[in-house]
Amino acid sequence: MDTLKGIIDDTGLMVLKASSGLIFLLFSEAVFAICADTDFEILKFLFNLYVNISNEIGSVAAFILAYIVFWSYGQVIYILRQFVMNLFKSNYSNDKTFEALRNIVTKKVKEKYPELEQVELNDYLLYLILGKNYSNNKTGEADLAAFFVIMMSISAIIAIIYYLTPKIDYSNCLASLVLISLCIIAWWLAIRFISSRLVSRNIRVYLNYITRND
């Protein structure tokens with residue numbers, strides 16, 4: 001029963017996160033509405049599509065179908081998120097204090113596990129070795145940032161393709177440029193946020209490991 005409840009909770013959380021993509025799509029359409037005087041056509045299309053499907057197969061079946069679609073979309077985003085997190089499979093910072101902690105922990109780990117003597121340990125590997133004993137809330141925050149910035153980018157791409165394909169003019173190009181600029185800023189902020197969360201996570205792991213082994 002607990003396993004089933006856990007599965008339901010996990011899928012429900014994934015659907016909730018994926019459905020928030022509608023907010024990013026609304027934001028993207030708002031940019032086009034301001035710059036190009038469009039009329040939120042994508043959201044209207046999706047709403048009408050849902051209504052038509054509900055009329056065809058019933059509201060309960062339509063809700064279940066939407067649930068499955070959002071869950072599948074969330075899984076795709078989750079897979080893409082891993083490519084972002086792969087960018088951080090090395091050292092997270094060159095800050096002198098952080099490097100000093102890393103060096104102390106590296107020395108202690110190699111003393112405890114002599115078989116790792118020839119391995120070049122970095123922040124990512126040290127967390128894999130030590131992190132199982134400590135809270136990983138910071139990792140969750142970093143994952144969430146990657147998840148949402150990917151979702152924002154996909155929503156922007158959908159809007160740009162939808163409005164630029166039939167009509168390429170100054171207004172649509174301006175809206176597209178604004179969206180692309182905002183996505184670039186969002187990616188820059190997300191990368192910095194993810195890096196700061198991972199550094200914060202490892203600092204806690206390093207300090208706990210050092211003090212508990214003194």
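The legends below describe close-up views of a predicted model.

**View 1. The largest pocket of the predicted model and the helices that line it.** This pocket has a volume of about 560 Å³, and of the 18 residues that line it, Leu22, Leu46, Ala66, Val69 and Phe70 are the closest to its centre. At least two residues of the lining come from each of the helices α2 (21-36), α3 (41-57), α4 (59-85) and α7 (137-164). Sorted by class, the lining holds 16 nonpolar residues and two polar ones, with no charged residues.

**View 2. The second largest pocket, with charged residues in its lining.** About 190 Å³ of space lies in this pocket, and Gln82, Met85, Tyr124, Thr139 and Arg201 are the closest to its centre of the 13 residues that line it. Helices α4, α6 (123-130), α7 and α8 (170-212) each contribute at least two residues to this lining, which divides into seven nonpolar, two polar and four charged residues.

**View 3. Helix α4 and its buried residues.** Counting 27 residues, α4 reaches 38 Å from its first C-alpha to its last, which is close to the 39 Å expected at 1.5 Å a residue. The buried residues of this helix are Ala62, Gly74, Ile77, Arg81, Val84 and Met85. In an α-helix there are 3.6 residues a turn, so residues three or four places apart point the same way. Two of the buried residues, Val84 and Met85, are also in contact with Ile194, a residue shown in the next view.

**View 4. The largest nonpolar core and the residues at its most connected points.** Of the 45 residues in this core, Phe32, Val105, Val109 and Ile194 touch the most other members. Helices α2, α4, α5 (96-112), α6, α7 and α8 each supply at least two residues of the core, and its largest share, 13 residues, comes from α7. When neighbours within four places in sequence are left aside, Ile194 is in contact with Val84, Met85, Phe88, Ala142, Ala145 and Ala146.

View 5. Although Cys35 and Tyr170 are 135 residues apart in sequence, their C-alpha atoms are 9.3 Å apart in space.

**View 6. Asp37 and Phe40 in the loop between α2 and α3.** Asp37 has its place in this loop and shows a positive phi of about 55° although it is not a glycine. With a relative accessible area of 69%, which is over 50%, Asp37 is therefore exposed. Phe40 is found in the loop between α2 and α3 as well, and although it is not a glycine, it has a positive phi of about 50°. Phe40 counts as partly exposed, because its relative accessibility is 28%.

Note on methods: Residues are numbered from 1 along each chain as its sequence is written. This is a predicted model: local features need pLDDT of at least 70, side-chain atom pairs count only at pLDDT 80 or more; totals for chains, interfaces and linings use all residues. Side-chain values use heavy atoms; hydrogens and water are left out. On a 1 Å grid over the protein atoms alone, a cavity is a set of points where a 1.4 Å probe fits but cannot get out, and a pocket is an open set with protein on both sides within 12 Å along at least five of seven lines; lining residues have an atom within 4 Å of a point. Grid points are joined across faces, edges and corners, and a volume is the space filled by probe spheres set on the points. Helices (H or I, at least four residues) and strands (E, at least two) are DSSP runs, numbered from the N terminus. Ala, Val, Leu, Ile, Met, Phe, Trp, Tyr, Cys and Pro count as nonpolar, Asp, Glu, Lys and Arg as charged, and the others, Gly among them, as polar. The expected span of a helix is 1.5 Å times one less than its number of residues. Buried means under 20% relative accessible area, exposed over 50%, partly exposed in between (1.4 Å probe, protein chains only). A nonpolar core is a set of buried Ala, Val, Leu, Ile, Met, Phe, Trp, Tyr and Cys residues joined through side-chain atoms within 4.5 Å. Contact means heavy atoms within 4.5 Å.
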